[in-house]
Amino acid sequence: MSTRESLNLIKRFPVVLALILFFAAFPVEAQKHISLPRTGLEPHDIAVIINDDDPLSRQIGHYYQQARQIPEANMIHLRFSSERSVMTPKEFKQLKATIDQLTPDHVQAFAVAWTTPYRVGCMSLTSALAFGFDRKFCSKKCAPTAPSPYFNSPSLFPFDDYKLRPAMMLAGTSFEQVKALIDRGVASDHSFPKGQAYLLSTSDKARNSRATGFARTAQDLTGVFSIRILQTDAISDHQDVLFYFTGLTEVPMLQTLGFLPGALADHLTSAGGMLTDSLQMSSLRWLEAGATASYGTVVEPCSYPQKFPSPAVAMFHYAAGTSVIEAYWKSVAWPGQGVFIGEPLAKPFAPLLREISSDRFELRFFSPHSGKLTIEESYSAAGPFKLLPKQQAIGRGENRFHFRLNEKKDNYLRFQWH
């Protein structure tokens, strides 16, 4: 599927409406009277998997639960040896049965509170958790692998729609590193960062396979993000990095960069997903440098771009307000050999509603395409809702809409943009 086809596919689906939780500072009464679209996963949608035999895993899991207010029912505790990179399929299947038994039915995704093991036989741990261990997601002699039905999907409920739960590892070599990662993810929420996307076409021909789509990516996302396509092996001293996609075995000068909270960054290479024992640069280096999520393969993938994130698809879904786990997972067509790492619930472009004066509100939201903002009104929370005649034009990128609401009049508003 081409970048153009991928973007056109998602544009055909309207944003699904649902209530979202607002900040505690937002007036309680107004919360009952205003509905916004659901754009991505919320804390109650995610389960945290902890290895109780690993003290660092327990510490990370506890901190993440507190930072994201994950319900106690969503905390899954296991016990197994963690001092290895690879778990056998047999052992994993036993653990997966326990995970499935303990996971509440409403959970849509997993956060994994450890760094090793990161692989199950020939699959990554995150893909094995999502699909179950299945050799069709592996390859021999540089072959394609099974596709993900979640690729470029409009779904806001991956388990309900596809019976898979995308997973992301809260990975790092120390608690301080993972704590900083989690804090960046939380800080990114509703922040609408005005950073740059750096798409690097490098001199490494074997690892530059994504570069052929960069020009179309920039064209299709004009007005959404500021995108720079550079013919170079690395960048340095930029303090506005929101996206960094490249192809090299080692990416130099990361320590000179400033990554904005919520930043995505990865390098196409064979062994970036070998987090703790790679002969190439580990994807952990991106998180240590300040990125909020990254990706790498755990076994030799060959240079199929389908086995790595599509920058166009990742940025499009991120702009639509999804969480980082959703945007990153939706961007990989064949994810069986790749591991996703980062803070799953980071949502820099999720909509924000705030009261700016008495009965006066501002709705701030992001859109990857132009369209219309529609408002429905009802005198009952249960409806019926009536479409108000005036529709507001919205543009690509950030939008702001001001309106009044006197909740004493008992009217209810429902917003939608598409």
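Tutor: Pro384 sits in the loop between strand S17 (371–378) and strand S18 (386–387); helices (H or I, at least four residues) and strands (E, at least two) are DSSP runs numbered from the N terminus. The bond that joins Gly383 to Pro384 is a cis peptide bond, with omega about 5°. The model is predicted, so to speak of local features requires pLDDT of at least 70 and side-chain atom pairs count only at pLDDT 80 or more, while totals for chains, interfaces and linings use all residues. Residues are numbered from 1 along each chain as its sequence is written, and side-chain values use heavy atoms, with hydrogens and water left out.

Phe385 carries a charge over its ring: the charged end of Arg414 is 4.1 Å from the ring centre (NZ of Lys or CZ of Arg within 6 Å of the centre and within 35 degrees of the ring normal). Asn411 belongs to the loop between strand S20 (397–404) and strand S21 (412–417). Its relative accessibility is 11%, so Asn411 counts as buried (under 20% relative accessible area; exposed is over 50%, partly exposed in between, with a 1.4 Å probe and protein chains only). The side chains of Asn411 and Glu377 make a polar contact at 3.2 Å (N or O atoms within 3.5 Å, within protein one able to donate a hydrogen and the other to accept it, and residues adjacent in sequence counting only through side-chain atoms on both sides). Beyond four places in sequence, the contacts of Asn411 include His33, Ser378 and Tyr379 (heavy atoms within 4.5 Å).

Pro117 lies in the loop between strand S5 (109–112) and S6. Strand S6 (residues 119–120) is joined to S7 by two bridges, and the two run antiparallel; strands pair if DSSP finds at least two bridges between them. Arg119 stands opposite Ser124 in S7. These strands belong to an open sheet of three, ordered S4-S6-S7, with mixed pairing. Strand S4 (86–87) and strand S7 (123–124) are its edges, each pairing on one side only.

Two residues other than glycine have positive phi. For Asn152, in the loop between helix H5 (125–131) and helix H6 (158–162), phi is about 50°; with 1% relative accessibility, Asn152 counts as buried. For Lys163, in the loop between H6 and S8, phi is near 60°; with 58% relative accessibility, Lys163 counts as exposed. The charged end of Lys163 sits over the ring of Phe159, 4.9 Å from its centre.

The whole structure has 25 aromatic pairs (Phe, Tyr or Trp six-membered ring centres within 6.5 Å; planes under 30 degrees apart are stacked, over 60 edge-to-face, the rest tilted). Phe225 and Phe349 have ring centres 5.5 Å apart and planes at 65°, so this pair is edge-to-face. The two residues are 124 residues apart in the chain. Tyr318 and Phe349 are also edge-to-face, at 5.8 Å and 75°, and both are buried.

On confidence, the chain's mean pLDDT is 92 (the predictor's confidence in each residue, from 0 to 100). Over residues 1–25 pLDDT stays under 50. Where pLDDT is low, the predicted coordinates should not be read in detail.
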